[in-house]
Amino acid sequence: MSYLTLSITLIFVVIPLLLSKTLNLGLEKDTIIATIRSIIQLLLIGYVLKFVFESESLVYIFLMVTLMIVAATHNAQKKGAAIKGITWKVAVTLVFVEVLTQSILLGFQITPPTAQYIISISGMVIGNSMVLSILFLNRFTAEVESNQEATELILSLGGTPKQAIHKQLIDSIKASMIPTIESQKTVGLVQLPGMMSGQIIAGADPIQAVQFQLLILFLLLTTAAVTSIMLGFLSYPTLFNQRMQLLKN
Amino acid sequence: MTTSYKPAVHFNQVDFSTKAVHIVKGVTGSFPEGKITTLVGPSGAGKTTLLKLCNGLLSPDSGVIYIKGKPIEDYDPIELRRLVGLALQSAPMISGTVYDNLNLPMELRGRKLPETEAVQLVEDVGLDKSFLQRKVSDLSGGQRQKVSIARTLVNKPEILLLDEITSSLDRKSMKEIEELIVHINRKYGTTIIWITHNLQQALEIGDFTWVMMEGEVMESGESSLLENPTNDKVKRFVKGEEK
């Protein structure tokens with residue numbers, strides 16, 4: 001695609017701008033900022049990736065993945081501000097998910113140990129893990145807040161903090177995983193995943209594109225389960241003190 | 001409170017604050033063992049906080065609470081909460097049957113409540129044994145409150161804390177619960193600490209009464225004090241001039 005053709009695609013930005021202006025939605029400024037940011041960020045990352053892929057240096061791969069984890073942690077931790085030490089809890093979860101998935105992929109030689117594969121797949125894994133973290137933290141903090149009486153009931157009957165928070169924890173883990181599972185049920189029927197579509201547009205064999213997409217989908221199932229469960233079990237103890245009292249904010 | 005009774009719970013200069021509010025201010029006094037003590041006072045006086053301090057759902061900022069002569073912090077929290085039971089106004093239930101709720105304290109210990117004990121408990125609180133298989137969502141307010149009390153009794157608490165358990169009930173259910181509490185007190189010798197907004201109830205049921213206002217104990221003693229209070233603020237409260 002030439003830059004001229006790419007510039008014509010800006011028509012897809014003009015349409016929402018006109019709609020926003022006509023209907024007084026007040027979204028023009030945000031739309032323009034989002035467009036400019038996406039152009040700059042994607043072009044920048046395009047050049048960075050080109051440089052890293054060509055260098056094939058482990059140091060650059062490590063730096064790229066670290067940068068992704070730092071940015072994802074920064075974004076996700078905002079949703080769990082009420083939980084003590086949430087930043088490192090999210091960071092540890094993301095690092096664990098990344099190490100686990102890459103170990104399986106590289107250990108079983110499912111994907112080659114090249115920057116092209118490691119960075120692309122890491123982006124999908126860490127991005128998905130970040131979204132899962134946000135979904136989990138949003139739900140969990142709301143569950144804890146609205147079920148304080150139920151939590152204190154279990155504590156007052158002689159339950160442990162884990163027993164007192166168990167239902168809220170399980171509900172939050174399930175709720176955060178449901179979008180991943182549900183979207184996989186309709187994949188290929190309702191939606192063609194972005195990565196697969198991209199590969200097909202770029203001229204790849206559709207069957208091979210499907211195989212890679214399946215790999216990613218399975219990977220994201222593990223990502224979803226490990227992220228929610230690990231973050232949940234790291235988070236709940238900090239809601240209580242040593243006297244097994246629910247800490248309120 | 002100056003009594004010759006052995007205290008089940010004793011507060012010594014107890015303070016408790018949240019980040020914004022000083023809720024309990026230098027409270028000192030005892031709740032006599034085996035007696036019913038009512039806690040009365042306007043909303044926001046710190047009564048519920050005082051109950052939560054008694055069973056360790058909260059800890060004081062300063063001062064010491066003694067439970068059966070032992071400082072509260074020397075108890076294991078779980079052991080303490082089984083010794084000092086708490087029943088709430090809202091009578092929160094877990095979904096399922098009455099039996100599921102009665103079984104909850106045992107389930108938390110990894111055990112199961114024997115059927116015979118469950119029957120004994122529902123009958124103790126004035127319900128028929130057929131209630132055991134009833135869904136809690138089908139119970140009336142008074143029945144829920146009875147189940148809540150029975151559930152607290154599963155742990156065989158020596159001290160029972162009641163937080164406005166009759167305030168949302170009709171007159172008939174209220175009387176049934178009052179009789180039930182007196183029955184538990186007489187049968188098991190359980191020490192009862194009962195928050196109520198109903199001064200007549202405090203006078204009739206309570207052996208002793210604490211009047212709390214703005215986090216302080218304004219007056220305490222035998223419940224008859226409500227008929228002739230000495231403190232001006234308490235006088236206004238009893239007359240209904242201070243809510």
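Predicted model: local features only at pLDDT ≥ 70, side-chain atom pairs only at ≥ 80, totals over all residues.
Residues are numbered from 1 along each chain as its sequence is written, chains are lettered from A and ligands numbered from 1 in the order in which they are written, and side-chain values use heavy atoms, with hydrogens and water left out.

Me: Why is chain B called as compact as a globular protein of its length?
Reply: The radius of gyration is taken over C-alpha atoms, and the globule rule is 2.2 Å times the number of residues to the power 0.38. For 243 residues that rule gives 18 Å, and chain B has a radius of gyration of 18 Å, so chain B is as compact as a globular protein of that length.

Me: Why is B:Asp124 called buried?
Reply: Buried means under 20% relative accessible area, exposed means over 50%, and partly exposed is in between (1.4 Å probe, protein chains only). B:Asp124 has 15% relative accessibility and therefore counts as buried. This residue is in helix α4, residues 115-124 of chain B. In chain B, 54% of the 243 residues are buried; in chain A, 35% of the 249 residues are.

Me: What does B:Asp124 touch, leaving out residues up to four places away in sequence?
Reply: Contact means heavy atoms within 4.5 Å. B:Asp124 touches B:Leu180, B:His183, B:Lys187 and B:Tyr188.

Me: How many residues of chain A and of chain B are in contact, and what area is buried between them?
Reply: On the chain A side 15 residues are in contact with 24 residues of chain B. Buried area is the accessible area (1.4 Å probe) that two parts lose on being put together, summed over both. Between chain A and chain B this comes to about 1800 Å², with 54% from carbon and sulfur atoms. In chain A, the residues losing the most area to chain B are A:Ser156, A:Leu157 and A:Arg243, together 36% of what that side buries.

Me: How many helices and strands does chain A have?
Reply: Chain A has ten helices and zero strands.

Technical notes: Helix = DSSP H or I, 4+ residues; strand = E, 2+ residues; numbered from the N terminus.
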